[in-house]
Amino acid sequence: MKLLSSKIFAGYLLVIVLLTSLILYFSFKTIDNQYLDTITENLKNINNALHPQILYYLNTTTTDELDSHIKKIGKSINTRITIIDANGKVLADSRKDPRAMENHKQRPELVPIFQGRQFGQSLRFSTTVHDKMIYVALPIIGEKSKFLGAIRVSIFYSEVNKLTNRLTYEIIQIALIVVVLSLLGVLLFSRSITKPINQISRLSRQVASGDFDAKIYLTGRDEISDLAANFNNMTERLKELFSEVLRQKDELNILIKTIQEGLVAIDTTGSVLLANKGFCEILGKNNIIGKNIHLLFDTPEVLDIYQNILNQKSSFTKEVEINKKIFLCSANFIETKKEVVLLFHDITEIKKLENIKKDFITNVSHELRTPLTAIKGFIETLDEEITLPEHSHYIDIVKRHTNRLISIVQDLLSLSELEDPNLRLLTAPVDLKFLVENVVKIFEQKLSEKGIILSIEISPNFPKLEIDAFKFEQVFVNLIDNAIKYSEAGNIKIIIHNDQECSYISIQDSGRGISKEDQQRIFERFYIADKSRSRKVGGTGLGLSIVKHIVQLHKGEISVSSLAGEGTVFTIKLPL
């Protein structure tokens, strides 16, 4: 705060010095001009007083007598007097011999007189007396207003300086006293401001160091007192907030430590900022704070997740394998801190159960397929031998359920095949219009029986798609079959179009629609929205699950939109 006090003092000092200098300058100039005006007026009065005497001597005596008279008067009044005739010749002078003086017609103070004016004045250096003088000249007017010459009265400028210098000295003394008193007042004023500010500054440093009990107390009711009161309130509030932050930090640390899942926070350079015990156990390493993620992981999938999050700045979830364990890695980008947070959830046991379930379903399906085929064959043989109508009815029931079991087994085997991680798609450029038209031919009889009109709309110049034709044939078979099953009449539209990034396939029907609750689950295995109707039409509850798996294998997406009583639209989005 010494700097602030010095700035205030220096600023006021500069202002006071400048103002004082300006006041003195204009005061001296005004006084000097006032003295000159006063002296000029006095010299004019002397001229006027001498005029009758000069006029008398010019009319009655010689120039020598006039010169003697002028010298006598000039000595008595300590003023130089000069008489000049109408031609500029000096007739008399109180200081010098007029015969030795040159013509004065061109003197600055006399030029106006010889031009017919009533007054002439100048302040200049005299070549005659070799000193600076003030000159005042008036015309000598005789009878009948005849111009006879000029009277010039002058005084040494040094006489004026004596008066002004004495006055200047007194004014400067007064000014110095005023300046000193002002500066003392400024010094006291600056200290009265900086002293409480110094206290606030000192206490703010205490607060910055963590001492929130620091308080400042000032008397008075000005802005600085208000600042001190606000400072005290601020420290109280900071103390409360700091305690709250510490409490929340402790709770967060306890929460992070107790989380069994692995948690790690990484900055944009790849350095680990935060990691819990679970994450260290996953890696089998300790003291990883500050280390680079590229040095910690041998798993390329984790590094790819980190890089994708940095590029896309959005959430991301993926299964990864670390040290022979499978984890579900959830990644998030924190925009405010520019950090990536990874959470690793151990799903090894869950994946084992899934694999056991898949193997079980596959094995059971394989085991069931043979006896079911045999049962179907024997049922068909019995059907040929039975002649009684009531017996045929029971045979039809057994045949229908056997066919349904065979369909379920076939769908389960198809689904198991699609879920196999070693599955490779046999992709090739496929004309989608040709593929769809061939699939539609399968359903011509069903369409005709229900009176449903099926139309295909495909954009001109629609490109061939790089897909597995056999798998996508299953997609169209399942979706068109569902549209026919759940529509009594009306029409079905297959619309195919594309933009610069994706291709879109929509299958619209005019059936009863799907409720919003069922739309969330229709792609699950064995989920049937209308169970009573599904039994009538022979649905297995696996068709849409198969469709979804095939679309995802082609890196696409499938969605459904429907309103009860207004039909359903399935839309497939495939990247070009």
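Buried here means under 20% relative accessible area, exposed means over 50%, and partly exposed lies in between (1.4 Å probe, protein chains only). The structure is a predicted model, in which local features need pLDDT of at least 70 and side-chain atom pairs count only at pLDDT 80 or more, while totals for chains, interfaces and linings use all residues. Residues are numbered from 1 along each chain as its sequence is written, and side-chain values use heavy atoms, with hydrogens and water left out.

**Aromatic pairs**

Rings of Phe, Tyr and Trp (its six-membered ring) pair if their centres lie within 6.5 Å; planes under 30 degrees apart count as stacked, over 60 as edge-to-face and the rest as tilted.

Select Phe114 and Phe147. Their ring centres are 5.8 Å apart and their planes stand at 85°, so this pair is edge-to-face. Helices (H or I, at least four residues) and strands (E, at least two) are DSSP runs, numbered from the N terminus. Phe114 belongs to helix α3 (residues 111-114) and Phe147 to strand β5 (residues 147-156), so the pair ties together parts that are 33 residues apart in sequence. Phe147 is partly exposed, at a relative accessible area of 29%.

Go next to Phe472 and Phe476, whose ring centres are 6.1 Å apart with planes at 55°, so the pair is tilted. Both residues sit in helix α13 (residues 469-485), four residues apart, about one turn of the helix. Phe472 is buried, at 0% relative accessibility; Phe476 is buried too, at 0%.

Then select Phe279, Phe327 and Phe344, which ring pairs link into a cluster.

**Charges over rings**

A charge sits over a ring if NZ of Lys or CZ of Arg is within 6 Å of the ring centre and within 35 degrees of the ring normal. Show Lys44 over the face of Phe119, 4.7 Å from the ring centre, then Lys313 over the face of Phe333, at 5.4 Å.

Two strands pair if DSSP finds at least two bridges between them. Colour the five strands of the open, antiparallel sheet in the order β7-β6-β10-β9-β8. At the edges, β7 (272-275) and β8 (316-322) each have a single partner strand, so one side of each is left without a neighbour in the sheet.

Zoom in on β6 (residues 262-267) and β10 (residues 339-346), which run antiparallel and are joined by six bridges. Ala265 stands opposite Val341 in β10.
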